[in-house]
Amino acid sequence: MVSEFTNSLVESEIPNCLATLAKATKQNLDMTVFLKLIIIKYRVLLLERISGKGKSASANVPNSKTLVLLLEAFSQIKNSIIDSLPIEIALAKISEEVK
């Protein structure tokens, strides 16, 4: 699920990210762990892009603004009434940047 979410995020397919997040929520995954794994994978993709080792076939490449939004969401999960809410807000912000 982490790869599915991250790949959709890189491709700016926010509806797919939301669907994957809904699946994770339905399976009662710990959102802190789920998002932590997403951040780690996204960071690796970003570092590969920066170093020139990443695939550049996609027009939508990992960027630092998205990573910052994910990190902010991570820090907000523990204080959120709904665990997935900070991730959903981050996806909304990312979606607004894409448009």
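**Basis of the entries.** The model is predicted, so I note that local features need pLDDT of at least 70, that side-chain atom pairs count only at pLDDT 80 or more, and that totals for chains, interfaces and linings use all residues. Residues are numbered from 1 along each chain as its sequence is written, and side-chain values use heavy atoms, with hydrogens and water left out.

**The whole chain.** I counted 5 helices and 0 strands in the protein chain, in the order α-α-α-α-α along the sequence. Helices (H or I, at least four residues) and strands (E, at least two) are DSSP runs numbered from the N terminus. I then checked the radius of gyration, which is taken over C-alpha atoms; the globule rule is 2.2 Å times the number of residues to the power 0.38. For 99 residues a compact globule would have a value near 13 Å, and the protein chain agrees with 13 Å. Along the principal axes, the C-alpha atoms fill a box of roughly 40 × 25 × 20 Å. I recorded 33% of the 99 residues as buried.

**The aromatic pair.** Rings of Phe, Tyr and Trp (its six-membered ring) pair if their centres lie within 6.5 Å; planes under 30 degrees apart count as stacked, over 60 as edge-to-face and the rest as tilted. By this rule I found 1 aromatic pair. F5 and F34 form this edge-to-face pair, at 5.9 Å centre to centre with 75° between the planes. Because F5 lies in helix α1 and F34 in helix α3, the pair ties together parts that are 29 residues apart in sequence. I also noted F34 as buried, with a relative accessible area of 4%.

Which residues does T20 contact, leaving aside its neighbours within four places in sequence? I found M1, E4, F5 and F34, where contact means heavy atoms within 4.5 Å. T20 is in helix α2 and counts as buried at 0% relative accessibility. L18 lies in helix α2 (residues 14-26) as well, but counts as partly exposed at 39%. Not counting residues up to four places away in sequence, L18 touches E88 and L91. With the neighbours within four places left aside, I listed F5, L9, I14, C17, L18 and L21 as contacts of L91.

**Two loop residues.** S12 is in the loop between α1 and α2, and has a positive phi of about 60° although it is not a glycine. I recorded S12 as partly exposed at 24% relative accessibility. N28, in the loop between α2 and α3, has a positive phi near 55° and is also a residue other than glycine. I recorded N28 as exposed, with a relative accessible area of 69%.

Technical notes. Buried < 20%, exposed > 50% of the residue type's maximum accessible area, 1.4 Å probe, protein only.
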